[in-house]
Every structure is written in structure tokens, then in C-alpha cells.
Amino acid sequence: MSTAREAIFRRIRQSLGRTDRGAPPPSSWRAALESDVRPRLDREPVDNFVHKLESVSGTVQRIDSSSSLIDALAEHLDRHRLGTRLSAAEYPVLAGIEWPAEWEIHTGPARGDDRVSVTGAFAGVAETGTVVILSSPESPTTLNFLPDDHIVVLRSEQIVAHLEDVWQRLREHTPGLPRTVNLITGPSRTADVEQTIQLGAHGPRRFHVILIEA
Amino acid sequence: MQRSASAFKQQAELALRDEVLQRALAKAKGGFVDKRRLAVANLPEFETIRTAAKSLKEHTLAHLDFYLEQFEQRVVASGGQVHWAGNAQEACSAVLEILGDQPRQVLKGKSMVSEEISLNAALEAVGHTIVETDLGEYIIQLAKERPSHIIAPAVHKTRDQITDLFHAEHVKYGYTERVTEVKAIVDEARAVLREKFLNADVGITGANFLIAETGSTVIVTNEGNGDLSQILPRVHIVTASIEKVVPTLDDMATLLRLLARSATGQEMTSYNTISTGPRRESDRDGPQEFHVVIVDNGRSEMLGNEFHDMLRCIRCGACMNHCPVYSAIGGHAYGWVYPGPMGSVLTPVMIGLENARDLPTACTLNGRCAEVCPMSIPLPDMLRELRVKEHERKLTGARTRIALQAWAFAARRPMLYQTITRWFTAVLGRFGARNGRFRSLPFASGWTQARDLPAPQGATFQQQWRRHR
């Protein structure tokens, strides 16, 4: 394979009019882009997050304290008749939670027939109503995709204005990225049959955020 | 990938007469265009972002070797492997080598590069089983067709056709009822594919972006199929072309703001996923191996030449959605992997102008594609450039060449030109005065076969100009 590699780099450099590696790009290049590419938000970040997520068929339940989390979950499970068998991540926001004794809580990766998952999140993005979830032993990625219903518990202070703010927090959070960073904006959807939008193609049919505004 | 780009004219004529295809195209028409228009109108910063996007991509291309090396280093540092492929054959060999000798169950997320290198055929030839998991790709895999659109591969299929296809192919899984509603169709595909997801060895996806800063690959999807394809199997292979690399996550954010809006009119697709290396030691799911196959296939030679701008393309499909030719004939008539305006540029460049000589002329030069292109790619200019090359290389028909040369001879001699045009408009004007148009004309059947020629008003523009000045 090394020969293919050498040939590709040789052709690239030839096309660029060089024979060797050349100087690395000057660090000033980004300043030359000059303009601010971050869209102005029409609302306060938290309101914008809720508005954007709801406009793509996500649902948001705003509560004012983590003490009402179980009630909020119970209400959502009840409204959609989802039962009380949950696959839960062990994200900090869920770590200390006291699950009702009669609920069946499963931790670890999702299984093929799991109906509902509950996870935390690393951040929310106001710009697009996006939830950012990092893979980790406590937060297996399959929880975000296999179940029919995905519920995310998010704290309002985790909501940042733009995607760039997420990258900044990520760089501060950890050297190098985790295996998977999921940016999730609403439920799974497809328009592959006659351009008609249908929710629940392969991933979750419903995407629900419980937003704790403490 | 089978090529039939040289048969464009016949294929286009068949497409125009194909009633089912025309019904499917009519359904799609307008949807993409209206949604994009609304999404762009709702983002006042669109033009600013578009300008920045062009600059950042040009910067990246000017330092492409640097960013590809940086990307490679970071992939390796995070535990993944990089494989380089100069052409389609090398790319397929690289994937085959990763798969090994055992027949594998392979899931595919949508990847246009894998179509370009005919990956499925190469894998199936040695006994691997491939399942396309994007619903559109799955439909056309069952139909044994190729994508007719780069983001809506089954846009040429009507719901009735999909119903028939599913009925024929899913009986073996116990689905005996015909599903006709969109929801039921999607649910059935979900159930059939869920089994495949849970029992696969390898997942292959494309990449919308490669991030040099972090050594990550990024997929942009709505269904979640790409994610299931890459987190459930033991091995994740990414096929991506060299121009997909961007310096940082910030640059990806800039391009993401253009991509979904230009493609489907969404502000953000449902799932944007950044993958870096294999699963970490204590992770409880995710792939244990992570491979990136980086494909050149002619792109390094486009750098800096007259088709350089094409390397900025982010594969949104806006050009084809706004193309009157694509809207009339669909994507298959173009005869290779990439249809529409971007395909009419890429196909001749990648498979040879002599194998796709009709594509550059399958364009009215109306300019809508360049107007909507988020990366400001001058598609009509490049198609015109290809026409010049065709003329220079004598790839056009003898009649066309003689006619063009005769016209050029006259056009450079104003007295002669005016005399001829005066005579033509006077004669044609007199003969055509009664109907105002001609249904057929000798030596112009190529025009009048498909439409009437309006009769001239009896005087040339120059004559009228002199009279009214």
C-alpha cells in the first residue's frame, strides 16, 4: 500500500507545483477567512434550542429541578404507553438517580429488542436544536440508535449557542475525541419513498428531551 | 460500475418516453427546490458562509498533502488504520484485504465513492454478502439498479414499484402481505434490515468529511442506518476520497451549515456522527477495528487544472435538483455514477471524454446549477470547457463540426453575416408568416423533431435596431 500512498502524494505535489512537502500552512490563514460564520440566534439559547428541536419533530419537556425527573419520565412513558423497562446510560446526570423499584432498568449496550433508552448528553446546541452525546463505557452508542424511543436528560447550562462552542468544550474536556460523537437533531427519518417524510426509518421513532432548568 | 454514458442520447429518449419514470420525476420536482429556497431564505448569513466555505476549501486543497498526512497521523494515533488507493481497483483490493478469506456479512451505509469504485461487485465476486442499509439504496439494490440521484438514490421509483419489489423480495422473510402505505413500507424495511444489522461482521460507510485535526471521519444521515452499520459490526471500514479532508471541526461546522440546507432544505440532518478510531479499551460497544480507505481515482490530477473547482463539491445534489435536463430525464440516462451537472463534469473527467461525449452538451447553459451551488462551482463554465475540448479532439460529429466552422467563418465577417441573416429571416419570415412557426424544416430535423421553430418576424435584429434607433 505504501507505493499507492507515495504515488498519490507525488501526484498531489506535482499538481500543486511542488516536489516535496512544502511549508505547513501559516497559522494566520484562518484570520483571512475573516467573516463570522456563526448564524445569529433569534431567541435566547435555551428557547432557541427548544424551538429548533420541536420544529424537527423532537419533543421537549422542561422541568425546574432534577427532583421531578422521575415524574417527567413516568409521564412520557405513560403518554406513549412505553412500559417501564428501560435501557439507561450511566451518565453523571443519571448516576445518582433513584429508579422506582417496579421499573426494570438495564445498563450497558442496547439490545436488539430494547424499546426505550434514557441517556444523558455532553451538550445541547441552540443553533439547531442538536443534542451531543459522547461514547464512553457509561454511555454506549447503541443506546442512541437501537431503541424505538430515545429520551435524553439535559441540563440547561449544557446548552451552548453554536457548534463551534461544542468543539471548544470538547477540546477542553479531553485530549482527542472519544470513539463516537453523535450530533442528534430529532428522530430518525427518511424521504426515500416518493419524497414523503416518514419518521423512524432505522433509528428511534421518537426523540424526547427532558430539560432541567435549575 | 457499468458505464453507458456513451449511450446518453438513446437513454435520454427512452427516459422521456418512460411514463412510470416521468410520474416519479414529477412527484420529486419542486420539493427539493422549494425546501432549499426556504432554508436559504431563513439564514441571512448564507452568502457570508458560502464565501468562507469556498475560501476554506481552497485553502485545504492548496495544502492537501499536509492535511491528508495530518489526518493519517491522527487516525493511527487513535488506533485506526489508513489505506491508500490510487484507483478503483486498488481501493477494492484494500477492502478485500481487510475482509480476509472468510465470506463476510457486510453492511453498507450510503457511499458514492463505493459506487464509483464498484465495491459491491468486487466483494460479491469473492463470496461476501452485501446489504445496502440506506432505504433508497436498499430499494435499488433489490431492483438491481444504480442510484439515480446522489442523495435520493431511488427518486426514480414510484411507491407502486417499491410495493411490488418488497412483496417479491420479502416473502422469504415471512412478509406475505403487500404493503402500500409509506409508513408500512418503511416499517417493513426497518424490520427486515434490523435482523441484518444485528448479524453482520463488517460495516462500510462513506464519509462526508475527514477531519485532519482529530483524525475523524464524519457521516451525515437522516435514517440512522449509517450509525447502526458502523457501531454494531466488529469492523468499521470507511471509503472516502482525498478531497473530503478539512482542517478542523470548525471548518466542518461551516460546511454543515450549507450542506443540509442545499441538499434537503434541512438546517441540520438528524444524525451527524464523528468517528475517531476503534472502540476504546473500556467501551462496551462500537467496532474493534477502524479502517479508512482513502481513494484518489483521478482527483489529484484535477488539482490546479481546469476542473479544479469541482474538488470543492460537497455532494449536496442541489445542481441536479435545479437542472431542467436532469428533471426531464432523471439520473440513469447519464450512464455512470454521478448524474446532473456535477456528473456531466465529473464523468468525462473520470472515465474519459470519449466515453461520455454527449454529457457536456446535455445542458442549456441556463446557469441555475452554479447559482445554487453552495461551493460556488462554475459548472456551466466547466461544461463549456469540455465542449471546447470535444471540438479540439474532434469528438463531435462531422455535421456539427462543419456547421460550426461555417458559422465561425461567417460570424467573423460582419458584412457576409448580415447579408446571410437578412436573406434567411426574409425568406423564412415569408414562408412562416401564416402559421408563425415551422413544424419541420429541411436540414433542421434535429430541432423540429422535438419542437417547432418560431418563424422570424421578417427583419434581423440589426435591421430593426437601425430602424428604431
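## A tour of chain B and its partner

A:T180 has B:S275, a residue in strand 9 of chain B, as its bridge partner. That pairing links two chains in what is a predicted model.

**Where the chains touch**

- Contacts between the two chains involve 79 residues of chain B and 59 residues of chain A.
- On the side of chain B that touches chain A, you will find 31 nonpolar, 28 polar and 20 charged residues.

**Chain B as a whole**

- Chain B contains 23 helices and 12 strands.
- With a radius of gyration of 25 Å, close to the 23 Å given by the globule rule for 469 residues, chain B is as compact as a globular protein of that length.
- Along the principal axes, the C-alpha atoms of chain B fill a box of roughly 85 × 55 × 45 Å.
- Of the 469 residues in chain B, 49% count as buried.
- Take the contacts in chain B between residues at least 6 apart in sequence: 73% of them join residues at least 24 apart.

**The parallel sheet**

- How many strands form the open sheet of chain B, and in what order? There are 6, arranged 1-10-7-4-2-3, and their pairing is parallel.
- Strand 1 (81–85) and strand 3 (129–132) of chain B are at the edges with a single partner strand each, so one side of each has no neighbour in the sheet.
- From one strand to the next, the twist averages 20°.
- Inside this sheet, strand 2 (residues 105–108) and strand 4 (residues 202–205) of chain B run parallel and are joined by 3 bridges.
- To spot strand 4 of chain B in that pair, look for B:I204, the bridge partner of B:K108.
- Helix 6 of chain B, residues 88–99, lies across strands 1, 4, 7 and 10 of chain B, and runs at about 170° to strand 10.

**A pair of packed helices**

- Two packed helices are described by the angle between their axes and the distance between the axes.
- For helix 10 (residues 159–170) and helix 11 (residues 182–198) of chain B, the angle is about 35° and the axes are 11 Å apart.
- The crossing of helix 10 and helix 11 of chain B is left-handed.
- From helix 10 of chain B come B:R159, B:I162, B:T163, B:F166 and B:H170, which meet B:V182, B:I185, B:E188 and B:V192 in helix 11 of chain B.
- The residues of this contact between helix 10 and helix 11 of chain B divide into 5 nonpolar, 2 polar and 2 charged.

Definitions and conventions. Residues numbered from 1 in each chain as written. Chains lettered and ligands numbered in written order. Predicted model: local features only at pLDDT ≥ 70, side-chain atom pairs only at ≥ 80, totals over all residues. Helix = DSSP H or I, 4+ residues; strand = E, 2+ residues; numbered from the N terminus. Rg over C-alpha atoms; globule rule 2.2 N^0.38 Å. Buried ≥ 20, exposed ≤ 12 C-beta atoms within 10 Å, placed from the backbone. Contact = placed C-beta atoms within 7 Å. Nonpolar A, V, L, I, M, F, W, Y, C, P; charged D, E, K, R; others polar. Pairing = 2+ DSSP bridges. Axes fitted to C-alpha atoms, helices over the stretch in contact; angles between N-to-C directions. Left-handed = near helix turned anticlockwise from the far one by under 90°.
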